[in-house]
Amino acid sequence: MQVKIATSWQTQLEAEFNKPYFKSLTDFIKLEVAEKKVIYPPGNKIFSAFDHCGFEQLKVVILGQDPYHAPSQANGLCFSVNDGIPKPPSLINIFKELNSDLDIAIPESGNLERWAKQGILLLNSTLTVRANQAGSHQNQGWETFTDAVIKHISEKKEKIVFILWGSYAQKKGLVIDSNKHLILKSAHPSPLSAHNGFWGNKHFSKCNNYLKSNNITEIIW
């Protein structure tokens with residue numbers, strides 16, 4: 001797997017691409033392809049989160065876990081689906097909370113590229129998955145890579161809003177410096193857990209209030 005990632009991130013993350021774990025990860029993906037496994041998202045979308053949100057433009061990080069594993073869903077952005085694809089339950093709940101928080105109409109499309117292009121890194125912990133096999137590419141190196149991304153952002157940037165929904169994201173966010181950044185935590189938007197504190201978290205308005213207070217352009221959610 002040749003790493004094709006936006007230039008601004010290539011510069012920032014070059015050291016990671018040269019580490020042994022990343023070569024092992026690359027070999028794993030190559031073997032999956034050689035064995036004709038169907039992998040999501042498509043190869044040119046694996047690093048979409050980075051391609052749509054340059055390092056210099058970064059304002060917000062939202063952490064997900066795995067890409068969607070059903071056909072045509074995953075587009076490389078966490079929680080996002082391609083245009084024309086029915087919105088998964090967690091995404092429906094995200095839009096419902098957004099509507100409750102900021103009175104924004106629930107959009108027809110579940111494609112979150114419009115968020116990414118405003119400076120939101122929609123980062124999954126694992127960037128690939130085998131078709132119809134949830135979690136099939138976990139523990140192959142992606143988590144090490146995305147941990148390094150989060151740590152690098154925390155160290156090199158200031159006043160970033162990190163949105164951590166659910167215990168998995170919150171554990172992954174332990175490397176974030178809370179003295180330099182805003183960390184917003186709540187339950188996951190999944191229907192199984194949203195009632196435990198996702199509803200009413202007002203993360204969208206809290207995010208924008210923080211950005212505004214630091215003279216950073218707010219997100220048009």
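A: Happy to! The largest pocket has a volume of about 390 Å³, and please keep in mind that this is a predicted model. Its lining is made up of 27 residues. Those nearest the centre of the pocket are Gln65, Asp66, Phe79, Asn124 and His188. If you sort the lining by class, you find 15 nonpolar residues, eleven polar ones and one charged one. As for secondary structure, at least two lining residues come from each of β2 (60-64), α4 (89-102) and α7 (167-172). Of these, α7 gives the most, with three residues.

Helix α2 (residues 20-34) meets helix α6 (residues 142-156) with their axes coming within 9 Å and crossing at roughly 135 degrees. That angle makes α2 oblique to α6, and the crossing is left-handed. On the α2 side, the contact is made by Tyr21, Phe22, Leu25 and Ile29, and on the α6 side by Trp142, Thr144 and Phe145. By class, this contact of α2 with α6 has six nonpolar residues, one polar residue and no charged residues.

Helix α1 (residues 7-17) also packs on α6: the two axes come within 11 Å and cross at roughly 130 degrees. The pair α1 and α6 is therefore oblique too, but here the crossing is right-handed. From α1, the contact uses Trp9, Gln12, Leu13, Glu16 and Phe17. From α6, the partners are Phe145, Ala148, Val149, His152, Ile153 and Lys156. The classes in the contact of α1 with α6 are seven nonpolar, two polar and two charged residues.

Finally, two spots in the backbone deserve a look. Most residues other than glycine have a negative phi, and most peptide bonds are trans. Lys36, in the loop between α2 and β1, has a positive phi of about 60 degrees although it is not a glycine. The peptide bond from Tyr40 to Pro41 is cis, with omega near -10 degrees. Pro41 itself sits in the loop between β1 (39-40) and α3 (48-51).

Note on methods. Residues are numbered from 1 along each chain as its sequence is written. This is a predicted model: local features need pLDDT of at least 70, side-chain atom pairs count only at pLDDT 80 or more; totals for chains, interfaces and linings use all residues. Side-chain values use heavy atoms; hydrogens and water are left out. Axes are lines fitted to C-alpha atoms, for helices over the stretch in contact, and angles run from 0 to 180 degrees between N-to-C directions. Helices (H or I, at least four residues) and strands (E, at least two) are DSSP runs, numbered from the N terminus. Angles under 35 degrees count as roughly parallel, over 145 as roughly antiparallel, 65 to 115 as roughly perpendicular and the rest as oblique. A crossing is left-handed if the near helix is turned anticlockwise from the far one by less than a right angle, and right-handed if clockwise. Contact means heavy atoms within 4.5 Å. Ala, Val, Leu, Ile, Met, Phe, Trp, Tyr, Cys and Pro count as nonpolar, Asp, Glu, Lys and Arg as charged, and the others, Gly among them, as polar. On a 1 Å grid over the protein atoms alone, a cavity is a set of points where a 1.4 Å probe fits but cannot get out, and a pocket is an open set with protein on both sides within 12 Å along at least five of seven lines; lining residues have an atom within 4 Å of a point. Grid points are joined across faces, edges and corners, and a volume is the space filled by probe spheres set on the points.
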